[in-house]
2 protein chains.
Amino acid sequence: MRNAKTLEYGFSNEEFEIRLQRAQELLYQNKLDALLITIPSNLRYFTGIDTNFWESPTRPWFLVLPLSGTPIAIIPDIGENIFKKTFVEDIHTWASPNFNGDDISPLKSLLESLPSRFGAIGAELGKEMSIRMPVLDFGLLRNNFKFNIVDGTSLIWALRTVKSFNEIKKIEKVAQIVSEVFEILPTIISVNDSERSASIKVKREILKRGADNIPYLPVVSGKGGVSQIIGNPTHKLISSGDFLFIDTGATYDGYFCDFDRNFTIGTVSDELKRTHEILWHATEEGIKNLVPGAKTQDVWKKINKKIEDFGFMVKGEGRYGHGVGLQLTEPPSISSFDNSIIQENMVLTIEPSMEYKPGKIIVHEENIFVSKDGPVLLTKRATKELPVIS
Amino acid sequence: MRNAKTLEYGFSNEEFEIRLQRAQELLYQNKLDALLITIPSNLRYFTGIDTNFWESPTRPWFLVLPLSGTPIAIIPDIGENIFKKTFVEDIHTWASPNFNGDDISPLKSLLESLPSRFGAIGAELGKEMSIRMPVLDFGLLRNNFKFNIVDGTSLIWALRTVKSFNEIKKIEKVAQIVSEVFEILPTIISVNDSERSASIKVKREILKRGADNIPYLPVVSGKGGVSQIIGNPTHKLISSGDFLFIDTGATYDGYFCDFDRNFTIGTVSDELKRTHEILWHATEEGIKNLVPGAKTQDVWKKINKKIEDFGFMVKGEGRYGHGVGLQLTEPPSISSFDNSIIQENMVLTIEPSMEYKPGKIIVHEENIFVSKDGPVLLTKRATKELPVIS
């Protein structure tokens with residue numbers, strides 16, 4: 001896979017045909033007449049639409065996948081010409097924003113015109129989904145409507161969690177770019193940097209190597225350890241004796257990598273070095289167990305056992321990884337509560353964490369593609385020893 | 001304002017106290033017992049929380065502003081330590097994700113414990129809002145609930161559309177950074193670039209000058225003009241005779257600028273040059289009319305009239321600008337459908353567009369702060385003549 005020729009952007013129409021066909025099979029199995037899509041990552045998955053116009057919440061965009069036939073886009077007129085470049089041919093537009101009008105009526109009219117075999121439409125109502133339209137408009141859609149609107153979330157995740165070869169290549173590309181930047185990190189940042197200036201240097205290096213965006217980049221530093229891992233970088237200076245945590249959600253052609261690296265600035269405690277090594281082994285354990293047919297719960301338990309074998313008590317039920325793709329995090333969760341079966345061609349993170357003393361946490365993370373022969377690392381593996389920045 | 005000392009990140013607690021107090025005044029006027037907040041930009045507005053963890057849709061985050069008293073955060077435990085750094089002191093957490101559990105019950109219990117004076121809670125149900133939680137969970141909240149949940153959107157926008165001095169300074173800072181990059185654009189990109197490589201250069205320059213992120217950056221080029229303005233850059237090479245459109249939503253400390261610039265690669269038609277100049281005058285007209293007390297509809301009409309004075313027929317009802325702040329686009333709209341009154345300390349874009357021949361569009365955009373004495377440009381004004389890249 002590493003030797004594949006230069007990656008093209010987007011996907012062939014054939015790939016979208018396959019996604020549509022699978023969706024329609026699942027619609028039939030789930031007794032649904034159509035699937036209603038509003039969320040950017042779902043719109044991109046089913047059509048290939050490539051825009052960040054989602055940053056503007058002014059207008060809703062709708063895609064309807066009917067039980068048979070081709071997808072139907074019902075979108076604001078400003079989107080017509082970019083939608084015409086996608087796999088979708090049946091495009092309806094309306095003038096939006098339109099404060100006197102009603103942003104839901106074009107969608108409702110179209111849905112009412114669909115044949116009703118089962119009397120139900122699936123929508124993005126469940127876990128890890130927030131429908132992208134005003135709740136009031138969704139109420140208008142539901143009111144006096146020909147169809148019941150039911151949860152179609154599991155259907156969507158069944159499709160999206162299992163990746164195609166081309167999806168995996170895009171995740172690998174961005175994971176390799178970020179891995180390279182992490183490798184040279186000790187040469188590009190120093191104790192003269194603040195968390196924020198370090199983050200800007202990292203972003204510029206990631207872009208230079210050809211990624212598109214870096215929507216997520218916590219840079220967290222603290223004497224002897226850190227107490228949180230999700231905040232944006234601050235003006236705090238990175239100082240000698242600090243532990244430094246950097247997590248990265250960068251994208252290439254819409255696909256995310258999601259992994260972190262840890263560093264020390266000069267020397268840190270033997271306790272922290274030792275914790276780092278234990279977590280490295282716990283990560284190995286997680287990676288090793290990402291094989292088709294494994295249960296997410298069992299992978300979680302095995303990682304926990306590995307940590308406990310080193311004499312640590314694990315507290316809490318924190319998850320130790322998740323899917324990754326068109327979103328930074330996707331189902332399934334490597335968690336005690338998740339009873340998913342790991343499937344061939346899933347792409348997952350393994351992300352064990354430890355609170356090694358009160359309020360001090362450490363997290364490792366790698367990205368893995370589950371091949372039929374077992375786990376394939378998409379990131380360049382972190383070193384067992386904590387790298388030092390001087 | 002330009003001479004203000006180095007901008008600090010974030011805001012004083014006093015500023016959040018003022019936002020809270022105004023929200024509570026509006027809650028009382030609107031006969032609401034509390035406001036429920038889930039959307040990242042609203043969470044940041046009322047608390048100062050600074051994270052991009054929203055890229056992960058796995059967990060909902062809730063903030064409750066009660067009619068009296070202090071804000072209450074009900075958030076996943078992973079967010080506790082960054083929430084502790086904010087203005088909010090009353091923080092409740094639960095273990096999330098938790099597939100066996102129920103991500104709504106901690107919120108529901110807390111809301112049920114609030115006093116009911118009016119029997120109603122406001123939530124993000126209306127225009128330009130998409131509540132950030134699963135619809136199924138929102139249904140569980142509504143079911144057998146002590147309060148009616150009604151739309152609180154207008155209350156939120158009443159607060160957010162009018163900016164504080166410190167908010168305006170942040171928008172100005174990022175608008176100035178991007179203006180500088182647009183000024184040097186002819187020296188950093190060339191006919192050897194693709195749209196995509198040009199976009200990467202622009203992003204790296206914006207970061208170098210101290211912005212945090214560039215979530216939105218369409219780069220669109222085409223012989224003699226462009227037919228869309230929202231798509232992400234492609235691998236198309238920028239070529240002699242092309243018209244080049246670049247729009248930018250970049251952020252500093254969470255605040256967006258949103259404006260575009262147009263260029264020609266070598267020579268383009270006199271028609272396009274002339275259109276550019278007309279639109280420049282239309283933009284002037286829009287800027288000039290951004291004064292406290294003006295109606296958005298009237299500004300829209302005046303821009304249209306200016307275009308028509310040059311002999312062009314305006315077709316359609318497209319909007320000519322909008323609010324900008326913690327989002328790329330916010331209310332109000334400079335539109336025929338919007339009947340808002342422009343207020344002191346709003347920050348708005350003026351964004352007229354023309355379809356100068358079938359399928360070919362051109363858009364200008366500037367960012368303006370409405371002072372009590374009239375409009376103040378936050379961007380460096382585009383030149384009347386189309387700049388040339390060789």
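## A pair of edge strands

Strand β17 (residues 366–371) of chain A pairs with β18(A) in the antiparallel sense over four bridges. Two strands count as paired if DSSP finds at least two bridges between them, and the strands themselves are DSSP runs (E, at least two residues), just as helices are (H or I, at least four residues), numbered from the N terminus. Within this pair, V370(A) has P375(A) of β18(A) as its bridge partner.

Before going further, a word on the model: it is predicted, local features need pLDDT of at least 70, side-chain atom pairs count only at pLDDT 80 or more, and totals for chains, interfaces and linings use all residues. Residues are numbered from 1 along each chain as its sequence is written, chains are lettered from A and ligands numbered from 1 in the order in which they are written, and side-chain values use heavy atoms, with hydrogens and water left out.

## The sheet in chain A

The two strands above belong to an open sheet of five strands in chain A, with the order β13-β12-β14-β17-β18 and antiparallel pairing. At its edges stand β13 (330–333) and β18 (374–377), each with a single partner strand, so one side of each has no neighbour in the sheet. From one strand to the next the twist averages 35 degrees; angles run from 0 to 180 degrees between N-to-C directions, and axes are lines fitted to C-alpha atoms, for helices over the stretch in contact.

Strand β13 of chain A also holds P332(A). A cis peptide bond joins P331(A) and P332(A), with omega about -5 degrees.

## Strand β14 in chain B

Now over to chain B. In a regular strand the side chains alternate between the two faces of the sheet. In strand β14 (residues 347–350) of chain B, V347(B) and T349(B) point one way while L348(B) and I350(B) point the other, and all are buried. Here buried means under 20% relative accessible area, exposed means over 50%, and partly exposed lies in between (1.4 Å probe, protein chains only).

Which strands pair with β14(B)? One is strand β12 (residues 321–323) of chain B, antiparallel over three bridges, where H322(B) stands opposite T349(B). Another is strand β17 (residues 366–371) of chain B, also antiparallel and joined by four bridges; there, F369(B) is the bridge partner of V347(B).

## Two helix pairs in chain A

Helix α9 (residues 270–288) and helix α10 (residues 296–309) of chain A pack at an angle of about 150 degrees, their axes 9 Å apart. That makes α9(A) roughly antiparallel to α10(A); angles under 35 degrees count as roughly parallel, over 145 as roughly antiparallel, 65 to 115 as roughly perpendicular and the rest as oblique. Residues in contact (heavy atoms within 4.5 Å) include I278(A) and A282(A) of α9(A), and V299(A) and I303(A) of α10(A).

Helix α7 (residues 165–188) and helix α8 (residues 195–208) of chain A pack at about 135 degrees, with axes 10 Å apart, which makes α7(A) oblique to α8(A). Among the residues making the contact are I177(A) and V181(A) of α7(A), together with V202(A) and I206(A) of α8(A).

## How the two chains are related

Two copies of a chain are related by a rotation about an axis and a shift along it. Here, a rotation of 180 degrees with 0.0 Å of shift along its axis superposes chain B on chain A, with an RMSD of 0.0 Å. That is the relation of a two-fold axis. The superposition is by least squares on the C-alpha atoms of residues with pLDDT of at least 70 in both copies. In chain B, R204(B) comes closest to the rotation axis, at 2.7 Å (C-alpha).

The copies meet through the same surface, because 100% of the interface residues of chain B are also interface residues in chain A. Consider N52(B), in the loop between α2 (40–47) and β2 (62–66) of chain B. At 18% relative accessibility, N52(B) counts as buried. Leaving aside residues up to four places away in sequence, N52(B) touches P215(A), Y216(A), I230(A), N232(A) and N213(B).

## Backbone details in the loops

Most residues other than glycine have a negative phi, and most peptide bonds are trans. D253(A) has a positive phi, near 50 degrees, and is buried with a relative accessible area of 4%. For N345(B), phi is near 75 degrees, and this residue counts as partly exposed at 24% relative accessibility.
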